Amino acid sequence: MDTSTFSEAIDVLLVEDNPNDAEFAMRALRRGPTAPRVAHVEDGAKALDYLFCTGEWAARDPDMVPKVVLLDLKLPKVDGLEVLRRLKSDPRTRDIPVVVLTSSKEPRDIKQSYASGVNSYVVKPVNFEAFNRCLGELASYWMGVNQSPVGSGG
Amino acid sequence: MTHNDLASLLQQLEQAHAQRAAVEERLRAANEQLEQRVAERTAELTATVRELENFSYTVSHDLRAPLRAIDGYANIVIEDERGKLAPDSERMLGQIGENARRLGRLIDGLLSFTRLSRADFNRGEVDLDRLVLEVAAELQESGVAGNTRFEIDRMGTVWGDRELLRNFWMQLLGNAVKFSSRAGRPRVHAGLRIAADGPIFFVEDNGVGFDMRFAGKLFGVFQRLHHESDFEGTGVGLAIARRIAERHGGRIWAEGRPDEGATFYFSFPRECHGDDSIKLA
């Protein structure tokens, strides 16, 4: 899905500045049995614009919320922790499940993410096969196992 | 005593007094200078430590991504071109991926080693009997221990950092399990002996052992006595164990013979032992 066109509903918002990691993640997600609809943005500012329907997404329907946000921590413009804090401190976006997907195993990153209300913290494996497996498990959990707050009302 | 004598004495006294005041002043100035120098050096050291922390943080994040890209694209080409590649080309692409993954493991090992020096040290009473059983159970549950038989003697308690000691036993038992995995009946025995200057703990296995000529290399970072193709690993496990022993003021050493197993010994200083462990003798 191209950045400029994803005005329709999506399942996964992938926030990732590394183009290689983004390519691998989308490939792994789409090949899984759940085949989620994925949109990709490459920095924190765009992620906030998308989720709060501002900037280039001002016309987007705010009721269409992804089932999960996969969030890298080290991002240009607005970093991942800041995106997380903004999402979790706003009643409009607080319920959206956010999974930090990062290369960092640093205890301080893990602590700060949980303190800011992250729903899950996942370290990207260096090993490509393990990375694929990890993305597949994330997709099947958040698309299948987990009961999403999205569209569950009524 | 004449009036002159008295005046001269008084003058001498005054001179001595002035000299003493001058010495005191110099001493005070020197002290002040010393304190300032200590403060400066401390600030320099703190800055260096911070720089190292930032460095390992950068390493952990920035080196992983390109490695994953190397492994990833090599794998994708193999996958997408299956059947179309010359066998040797496929093998070489496989080697590219394998080496990227290996470098990833080395970086992880190095990072977990450097993280040790930064870890907080919280001293408390640690129940070794429980801790060692927990570690052994974890090795068994994760499948690492295979069909290894553990014999664990009573060890009482020590004063130390629980998390670090847990890591310590994980490295030592993990090491013993790994290098005895090819024995007919792998066996790992952990316990303690009482020596003249306190208890000496040991972990003994019936694995491949090692040549005592290379004993000095056992505890170095990235030092390995066996080929990675024989026993997987990065060569930081025992370096981690030594660092943890040292942080407790203790020491670690090993004895072994090729094909006749290895025994790792370690002792902690007296202040690490509660009354409980002494009574075990």
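**Figure 1. Lys67(A) is partly exposed, at 28% relative accessibility.** On this scale, buried is under 20% relative accessible area, exposed is over 50%, and partly exposed lies in between (1.4 Å probe, protein chains only). The model is predicted, so local features need pLDDT of at least 70 and side-chain atom pairs count only at pLDDT 80 or more, while totals for chains, interfaces and linings use all residues. Residues are numbered from 1 along each chain as its sequence is written, chains are lettered from A and ligands numbered from 1 in the order in which they are written, and side-chain values use heavy atoms, with hydrogens and water left out. Asp11(A) is buried, with a relative accessible area of 8%. The side chains of Lys67(A) and Asp11(A) form a salt bridge of 3.8 Å, N to O (a side-chain nitrogen of Lys or Arg within 4 Å of a carboxyl oxygen of Asp or Glu). Lys67(A) sits in the loop between α2 (44–52) and β3 (68–71) of chain A, and Asp11(A) in the segment before β1 (12–15), so the pair ties together parts 56 residues apart in sequence. Helices (H or I, at least four residues) and strands (E, at least two) are DSSP runs, numbered from the N terminus.

**Figure 2. Glu44(B) and Arg41(B) pair within helix α1 of chain B.** Their side chains meet in a salt bridge of 4.0 Å, N to O. The two residues are three apart in the helix, which means a separation of about one helical turn. Glu44(B) is partly exposed, at 48% relative accessible area.

**Figure 3. A salt bridge joins Asp108(B) and Arg64(B), at 2.5 Å from N to O.** This pair links distant parts of the chain, with Asp108(B) in helix α3 of chain B and Arg64(B) in helix α2 of chain B, 44 residues apart. Asp108(B) counts as partly exposed at 24% relative accessibility, whereas Arg64(B) is buried at 3%. Elsewhere, salt bridges that share partners join Glu16(A), Asp21(A), Asp72(A), Lys124(A) and Arg68(B) into one network. Over all chains, the structure holds 36 salt bridges.

**Figure 4. Chain B meets chain A through 23 residues of chain B and 24 residues of chain A.** Contact here means heavy atoms within 4.5 Å. About 2200 Å² is buried between the two chains, 49% of it on carbon and sulfur atoms; this is the accessible area (1.4 Å probe) lost by two parts on being put together, summed over both. Five salt bridges run between chain B and chain A. In one salt bridge, the side chains of Arg27(A) and Asp80(B) meet at 3.4 Å, N to O. On the side of chain B that touches chain A, α1 (3–62), α2 (64–80) and α3 (87–118) of chain B each supply at least two residues. The most come from α2(B), with twelve residues. The residues of this side of chain B divide into seven nonpolar, six polar and ten charged.

**Figure 5. Phe113(B) lies in helix α3 of chain B.** Phe113(B) is buried, with a relative accessible area of 12%. Not counting residues up to four places away in sequence, Phe113(B) touches Val221(B), Ala239(B), Ile240(B) and Arg243(B). Phe113(B) and Val236(B) are 123 residues apart in sequence, yet 7.1 Å apart in space, C-alpha to C-alpha.

**Figure 6. Cys53(A) is buried at 12% relative accessibility, and Cys134(A) at 13%.** A search of the whole structure finds zero disulfides over all chains, a disulfide being a pair of cysteine sulfur atoms within 2.5 Å.

Conventions
Nonpolar A, V, L, I, M, F, W, Y, C, P; charged D, E, K, R; others polar.
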